[in-house]
4 protein chains.
Amino acid sequence: MGEDTPVARKPRADQARNRERLLTAAREVFRTDGASLEAVTRRAGLGTGTLYRHFPTREALFQAVYAREVEELEALAREDDLETWMTAALAMMATKKGMVTALAPVLDKEAPFFTEQSARMTAAVSGLRDRALAAGQIRDEITADDLMRVLLGLSYGPGADASRAGVLLNVFLDGLRPR
Amino acid sequence: MGEDTPVARKPRADQARNRERLLTAAREVFRTDGASLEAVTRRAGLGTGTLYRHFPTREALFQAVYAREVEELEALAREDDLETWMTAALAMMATKKGMVTALAPVLDKEAPFFTEQSARMTAAVSGLRDRALAAGQIRDEITADDLMRVLLGLSYGPGADASRAGVLLNVFLDGLRPR
Amino acid sequence: MGEDTPVARKPRADQARNRERLLTAAREVFRTDGASLEAVTRRAGLGTGTLYRHFPTREALFQAVYAREVEELEALAREDDLETWMTAALAMMATKKGMVTALAPVLDKEAPFFTEQSARMTAAVSGLRDRALAAGQIRDEITADDLMRVLLGLSYGPGADASRAGVLLNVFLDGLRPR
Amino acid sequence: MGEDTPVARKPRADQARNRERLLTAAREVFRTDGASLEAVTRRAGLGTGTLYRHFPTREALFQAVYAREVEELEALAREDDLETWMTAALAMMATKKGMVTALAPVLDKEAPFFTEQSARMTAAVSGLRDRALAAGQIRDEITADDLMRVLLGLSYGPGADASRAGVLLNVFLDGLRPR
DNA sequence: CATGAATGAGGCTTCATTCAT
DNA sequence: TATGAATGAAGCCTCATTCAT
């Protein structure tokens with residue numbers, strides 16, 4: 001009796017939970033230990049095969065982690081002010097330094113996936129940049145991609161230091177004003 | 001007995017030449033193929049053991065290569081004008097992107113060696129920065145280390161693009177002027 | 001209560017159909033892609049569990065496929081003439097080279113199953129052989145099993161070549177005549 | 001004293017011995033356990049890397065083992081009589097059944113190496129075959145490759161049985177006589 | 001001193017089999 | 001009963017490091 005009541009049915013829940021565990025573990029491992037898949041499964045407490053079911057290739061996992069970061073950044077870009085957004089983005093990026101450091105040398109920058117993500121990010125930032133330009137707040141030779149470059153360089157370049165990045169961003173923003 | 005008789009004494013020159021060969025090979029390999037020690041010995045045409053005699057650990061070789069890069073940058077900093085130097089440094093750095101990309105993820109940033117190199121670099125840049133400050137050309141809250149950070153970020157940050165770095169540096173330099 | 005009421009009883013037909021699908025898929029996969037169970041379920045469009053319900057071990061599937069091949073060969077042996085049958089059998093075997101190549105290294109030749117199948121095959125060929133012997137067409141030291149060996153060797157031995165097997169079979173048949 | 005006397009110099013000896021150990025281990029493993037490289041190193045009592053230094057790819061090891069078999073067969077073919085040779089070859093092949101069974105599914109038959117070995121073998125047998133043909137002992141439509149096929153089929157085909165192979169070879173040889 | 005063979009830990013990946021739903 | 005997710009043993013291979021000659 002009660003076969004149709006929503007009791008004790010959970011198979012998909014497991015799967016989703018495992019995927020989440022793997023992504024979380026990956027972020028943690030990447031933040032501190034490099035990019036070993038073995039380390040990820042170990043930390044997730046799951047079998048090797050499970051990782052491969054969810055992410056059939058190395059790249060697939062890296063990309064999934066990366067995509068999530070881009071999403072967060074994209075969400076931020078709904079700000080309506082370029083300067084506010086750049087400051088906020090810098091703060092958020094400071095949070096992820098270890099992970100980016102591990103991920104950067106391991107991602108295949110030629111993959112179509114990468115181009116798509118860049119396009120998404122650029123689109124999100126372009127709105128802010130165009131509005132600032134229209135308002136006469138910035139020079140026109142600086143593109144949305146350039147703005148990303150500055151943020152990424154200040155956050156993840158060799159020698160980057162979160163406690164100085166804000167100051168340097170401000171200098172850059174000053175320089176950005178027309179004249 | 002007779003340790004000091006001039007019998008078949010291998011000249012010091014040989015040793016120095018091998019060291020040089022290894023460093024050169026390492027720079028070439030790092031520039032194009034990643035950071036495999038085997039590739040280095042292969043390209044140097046020397047045995048594994050010889051590599052280990054000169055550089056007893058992985059890290060030691062990486063550091064030796066790194067030190068040489070710092071030297072070149074340091075030499076450049078004998079310029080007498082901050083802006084000229086920054087522009088020149090950017091150009092030089094563009095030259096070494098592959099190598100830095102291979103080296104960065106592999107260097108232990110905590111090593112005391114690293115602090116020493118930074119200090120050397122900072123000392124070299126400080127002169128330029130202090131002179132610019134004295135001449136009222138730049139704001140005082142920017143340190144010599146900050147200047148390095150900007151150069152490194154624009155050159156080697158994720159997304160860095162040599163063809164845009166110059167433009168971005170100019171924006172930054174503009175922002176650097178007092179007021 | 002009501003175990004025997006006609007509620008949603010899955011028809012036997014389904015089960016039989018799935019078994020058939022799996023066997024067909026297995027033959028196709030073995031013919032071209034090796035002997036991976038995963039490939040079989042994928043091609044059959046069924047779940048892993050279903051495969052295991054029908055064939056509780058790897059070996060069981062292999063044997064079922066093998067048994068089917070034996071059946072076909074057995075059916076052929078209703079010919080009434082040894083030479084005609086051997087020629088026809090050779091032609092049929094040429095058809096299955098890929099599958100046999102995949103199956104052979106994977107079957108456990110010690111299994112009792114194997115003895116049974118051999119016995120079946122031997123029984124089928126024995127009739128032909130005995131009749132040929134009675135008619136004075138062949139030497140008596142050659143058994144039915146020997147005849148199978150020759151066919152299998154010419155078809156599936158290393159270096160076997162369908163375009164030469166017929167010629168070689170004819171030589172063998174010539175040699176088989178008494179005197 | 002005595003640095004120049006041939007004492008305590010043995011490095012190459014080690015290498016050659018290890019290579020031999022690996023080949024021997026490989027033959028033993030292939031004869032009984034399939035074709036796992038791990039099993040080979042385990043049986044040889046050597047490290048993984050040593051196997052890879054001597055045989056940089058899977059194929060390299062398989063080919064080295066295979067080449068040795070071909071050599072033995074080739075040496076045999078210095079017989080001056082086709083029938084004697086075929087009988088002797090059959091006896092030798094009986095010795096290697098397990099190994100061939102393991103090796104056959106794993107060798108890349110398209111590799112140039114394979115073509116070379118076949119050519120060597122064919123060349124060796126052709127002499128015997130041509131002499132027999134000139135002496136009017138065999139039909140002319142049978143090639144040296146065909147002779148190899150028969151031997152291989154009788155020795156290594158599915159169902160092959162050393163105790164019957166001799167009888168079957170004799171039937172074939174009878175059939176081979178002109179008329 | 002130079003050489004390069006040997007070592008083995010560690011990472012990657014596949015796939016037969018089990019098991020929860 | 002069917003499904004497919006999870007598991008983990010087992011194989012492959014690379015490469016930093018050691019060590020015998």
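**The interface of chain D and chain C**

Chain D and chain C bury about 2,100 Å² between them, and carbon and sulfur atoms give 68% of that area; buried area here is the accessible area, taken with a 1.4 Å probe, that two parts lose on being put together, summed over both. On the side of chain D, the residues that lose the most area to chain C are D:Arg149, D:Pro158 and D:Val171, which together account for 28% of what that side buries. This is a predicted model, in which local features need pLDDT of at least 70 and side-chain atom pairs count only at pLDDT 80 or more, whereas totals for chains, interfaces and linings use all residues. Residues are numbered from 1 along each chain as its sequence is written, chains are lettered from A in the order in which they are written, and side-chain values use heavy atoms, with hydrogens and water left out.

The contact (heavy atoms within 4.5 Å) takes 25 residues from chain D and 24 residues from chain C. Across this interface the rule finds six salt bridges, each being a side-chain nitrogen of Lys or Arg within 4 Å of a carboxyl oxygen of Asp or Glu. D:Arg149 forms a salt bridge with C:Asp161, their closest N and O atoms lying 3.7 Å apart.

The elements that give two or more residues to the side of chain D that touches chain C are α8 (144-156) and α9 (162-176) of chain D, helices being DSSP runs of H or I with at least four residues, numbered from the N terminus. Of the elements of chain D, α9(D) gives the most to this side, with eight residues. By class, the residues of this side divide into 13 nonpolar, five polar and seven charged, where Ala, Val, Leu, Ile, Met, Phe, Trp, Tyr, Cys and Pro count as nonpolar, Asp, Glu, Lys and Arg as charged, and the others, Gly among them, as polar.
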